[in-house]
Amino acid sequence: MDDIFITWRTWDEARADLEGREGLDLPALERAVTAAQEWHGDQRRPTGVPYVEHLLEALEVLVRGAGETGTEVLSAALLHDVVEDTEATVGDVEARFGPRVAELVDWVSKPPAAGGGRQAKRAAKAAYLRRLRDAPREAIVVKLADRVSNVQRLEQVAPDFQRRYYAETVTYILPLAEGHPWFAAWYEDWRRRYAHLR
C-alpha cells in the first residue's frame, strides 16, 4: 500500500504544499487549523504525537488522495473531533464556521454512551457508525478520511485493538467507501494489507 498520508506534521508544512494547488481557500483552512489547535490544546494521539497531526493527516487524505477542494469539507475534516473530544459544541463550530461546517462536524461526532461500561460504549459506537449510512456525502468523506488516518499504520497499536478496529472498519467503513471510488480503492488495498487480522 503506497498511499500513506503522513507528510504534513505541522500547518506550515501543509500550507507549503497546499499553496500550489488550485481551488483551495487557504485563509479559511488556516482559521480551521487555528481553532482546532485552540480547542484540542495539548491533547496527544495514543502514539504520543500532537493531536493536530491526525487532523492534518485527514486533510492530506482528502486533498492529496481524494482530490477534495471544498472549503467546508476540508474545514470539517480539520474540526471533526472538536465536539467529541474537547469542550467545543456544535454551536461553537457554527458560530465560527457557519451552519454547513457545523452540520458536517455534528454528523461525524460520536454521541456519548448512555452507560459507563465497555459494552454500552461499544453499542453506542456501533449505532453511530450505522447512522453514518444516512449522512450527506460530504460528512461521509470526512469520516472516511478520518478513518484512513487512524488505520493507515494500524500495526502501531496494541494487537487486540488492531483486530477489533480492523473488524469495525471492514463492517462499517468499507460499505461507506463504496460510493467513493478513490476511497473504495484505498480501503480495498488496506484490507488486503491487514487481512491477517481477520
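Which residues is valine 148 in contact with, leaving aside its neighbours within four places in sequence? They are Phe5, Val61, Phe183, Trp186 and Tyr187, where contact means heavy atoms within 4.5 Å.

The model is predicted: local features need pLDDT of at least 70, side-chain atom pairs count only at pLDDT 80 or more, and totals for chains, interfaces and linings use all residues. Residues are numbered from 1 along each chain as its sequence is written, and side-chain values use heavy atoms, with hydrogens and water left out.

Start with the helix that holds valine 148. That helix is α9. Helices here are DSSP runs of H or I with at least four residues, strands are runs of E with at least two, and both are numbered from the N terminus. Valine 148 has a relative accessible area of 0%, so it is buried. Buried means under 20% relative accessible area, exposed means over 50%, and partly exposed lies in between, with a 1.4 Å probe and protein chains only. Aspartate 3 is 145 residues away in sequence, yet the two C-alpha atoms are separated by 10.0 Å.

Now take α9 as a whole. It has 15 residues and reaches 21 Å from its first C-alpha to its last, close to the 21 Å expected at 1.5 Å a residue. The expected span is 1.5 Å times one less than the number of residues. Of the 15 residues in α9, 12 are buried. Among them are Lys143, Asp146 and Arg147, as well as Ala139, Ile140 and Leu144. The buried residues of α9 pack against α3, α4 (71-79), α7 (99-107), α8, α10 and α11 (181-193).

Tyrosine 187 counts as buried because its relative accessibility is 0%. Beyond residues up to four places away in sequence, tyrosine 187 touches Leu144, Arg147, Val148, Val151, Thr169, Ile173, Leu174 and Ala177. Arginine 147 is 40 residues from tyrosine 187 in sequence and 9.8 Å from it in space, C-alpha to C-alpha.

Alanine 177, one of those partners, belongs to α10. Its relative accessible area is 1%, so alanine 177 is buried.

Next comes the nonpolar core. A core of this kind is a set of buried Ala, Val, Leu, Ile, Met, Phe, Trp, Tyr and Cys residues joined through side-chain atoms within 4.5 Å. The largest one has 63 residues. Leu18, Leu79, Phe183 and Tyr187 have the most contacts inside it. In soluble globular proteins, nonpolar side chains tend to be buried together.

Turn to α3. Its 14 residues should span 20 Å at 1.5 Å a residue, and its end C-alpha atoms are 19 Å apart, which agrees. In α3, 13 of the 14 residues are buried, so the helix is largely enclosed by the rest of the structure. Glutamate 60 is in α3. This glutamate 60 is buried, with a relative accessible area of 0%. It touches Phe5, Ile6, Thr7, Trp8 and Gly65, not counting residues up to four places away in sequence. After α3 comes glycine 67, whose phi is positive, near 75°.

Last, the open space. A pocket is found on a 1 Å grid over the protein atoms alone, as an open set of points where a 1.4 Å probe fits, with protein on both sides within 12 Å along at least five of seven lines; lining residues have an atom within 4 Å of a point. The largest pocket has a volume of about 1100 Å³. That volume is the space filled by probe spheres set on the points, with grid points joined across faces, edges and corners. The elements giving two or more residues to the lining are α3 (52-65), α5 (82-85), α8 (118-131), α9 (137-151) and α10 (159-177). Helix α8 gives the most, with seven residues. The lining has 41 residues, of which Lys110, Lys125, Asn150, Phe161 and Tyr165 lie nearest the centre of the pocket. By type, the lining divides into 15 nonpolar, seven polar and 19 charged residues. Here Ala, Val, Leu, Ile, Met, Phe, Trp, Tyr, Cys and Pro count as nonpolar, Asp, Glu, Lys and Arg as charged, and the others, Gly among them, as polar.
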